Structures are given as structure tokens and as C-alpha cells.
Amino acid sequence: MADASNPTSTPSPFAGRAHWLLRVALASVFVFHGAQKFADLEGGAAMMGLPMLVWALVGLAELAGGLGVLAGGLVAGRLGDLATRLGGLAIIPVMLGAIAMVHWGRWSFTPSDSHPMGGMEFQVVLLLIGLFFAVRGNRA
């Protein structure tokens, strides 16, 4: 029997689907940025001072991460769990690289003279959500 004085004693009918809020948020960022990289591989690689192959691999990791987290939520069983975990895992090195190469040294996401692309606040959130899916899989 539910305890009316304790709002957590009655689960929401949507609680089992709440993982989609994180999945869609994470995937929308990574699918967009991954696809965007392929629109101008040469220019993006030059801007970041990276070989084009490395830039393409980053784009592939972003696409794979976002699509893996989405697909994992749609597929039942071990295969869905694996897709979710691998999607989260693909995101981790991308975010570590972004933090180390671009955003380190400033927390606030707002651009500054020293950090024209902003600080690492948003990237750390994305990193932690990716880590969450890598660790928890579909048991989120």
C-alpha cells in the first residue's frame, strides 16, 4: 500500500521510461556533432590541428556513441544492453579529448578571452552521462 506522506512510495507510471530523457539529450548532441564533422572534414581537422583521419574517427565515435545509446534503448535483452554500453563507452574518449584540448582550465561554459569555445562545464556533464550508460547499460 502506498504511503500518502511519502511521495516516493508510489512510482510514476513514466519512471520506467525516464531513461529516454538522458538518451535523447545525449544522442542529439553526439549525432549532430558527429554528422557535422563529416560536412567539412578537412576544415575541422585543420581548425583543431589534427590529422584528418583522427578527426574522422572522432566524428565516427560521436555518431556511434549517439546512435548506440539510442539503439540500445530500442533493442531488448543483451544486445540492447551491449549497444547502450558501447555507445556510452564511445563518448568517453571524445569528451576527455575535448576537455583536454579545448576546455580545460575554465569551468563555466561561457566563452572568455582565454577560452573562446567556453569552459568544460557542459563537456563534463556529457562525459558523466556517457560514463553512466557505459557502466549501467540498460539497467539505467
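The largest nonpolar core of this predicted model has 17 residues, and Leu26, Phe30, Ile91, Met95 and Leu126 touch the most other members. Helix 1 (19-39), helix 3 (52-74), helix 4 and helix 5 (121-136) each supply at least two residues of this core. Helix 5 gives the most, with 6 residues.

The protein chain has 5 helices and 0 strands, and from the N terminus on the order of elements is α-α-α-α-α. Along its principal axes, the C-alpha trace spans about 60 × 35 × 20 Å. Among contacts between residues at least 6 apart in sequence, 58% join residues at least 24 apart. Of the 140 residues of the protein chain, 33% count as buried. The chain exposes about 8,600 Å², and carbon and sulfur atoms supply 72% of that area.

Part of the surface is a nonpolar patch formed by Leu74, Val75, Leu79, Leu82, Leu86 and Leu89, which together have about 600 Å² of accessible area. Helix 4 (residues 77-103) contributes the largest share of this patch, 4 residues. Leucine 79 is found in helix 4. Because its relative accessible area is 59%, above the 50% cut-off, leucine 79 counts as exposed.

Charged side chains also form pairs. A search of the whole structure finds 2 salt bridges, which are set out below.

| Salt bridge | Closest N to O distance | Location |
|---|---|---|
| Lysine 37 and glutamate 62 | 3.0 Å | helix 1 and helix 3, 25 residues apart |

The bridge between lysine 37 and glutamate 62 links distant parts of the chain. Both lysine 37 and glutamate 62 are buried. Aspartate 81 is buried, because its relative accessible area of 14% falls under the 20% cut-off. Arginine 85 has a relative accessibility of 21% and therefore counts as partly exposed, a class that lies between 20% and 50%.

The loop between helix 4 and helix 5 contains histidine 115. With a relative accessible area of 11%, under the 20% limit, histidine 115 is classed as buried. Apart from neighbours within four places in sequence, histidine 115 is in contact with Val102, His103, Trp104, Gly105 and Arg106.

The UniProt record, an unreviewed entry, lists residues 51-74, 86-105 and 117-135 under "transmembrane region". Two of these spans can be described from the model. Residues 86-105 are 90% helix and 0% strand, and the end C-alpha atoms of that span lie 29 Å apart. Residues 117-135 are 79% helix and 0% strand, with their end C-alpha atoms 29 Å apart.

Technical notes. Residues numbered from 1 in each chain as written. Predicted model: local features only at pLDDT ≥ 70, side-chain atom pairs only at ≥ 80, totals over all residues. Heavy atoms only, no water. UniProt positions renumbered as here; feature names shortened; annotations may be inferred. Patch = residues over 30% accessible without salt bridge, like charges linked within 9 Å, V, L, I, M, F, W, Y side chains within 5 Å. Areas by Shrake-Rupley, 256 points an atom, 1.4 Å probe, with all protein chains shown as cover. Salt bridge = Lys/Arg side-chain N within 4 Å of Asp/Glu carboxyl O. Buried < 20%, exposed > 50% of the residue type's maximum accessible area, 1.4 Å probe, protein only. Core = buried A, V, L, I, M, F, W, Y, C linked by side-chain atoms within 4.5 Å. Contact = heavy atoms within 4.5 Å.
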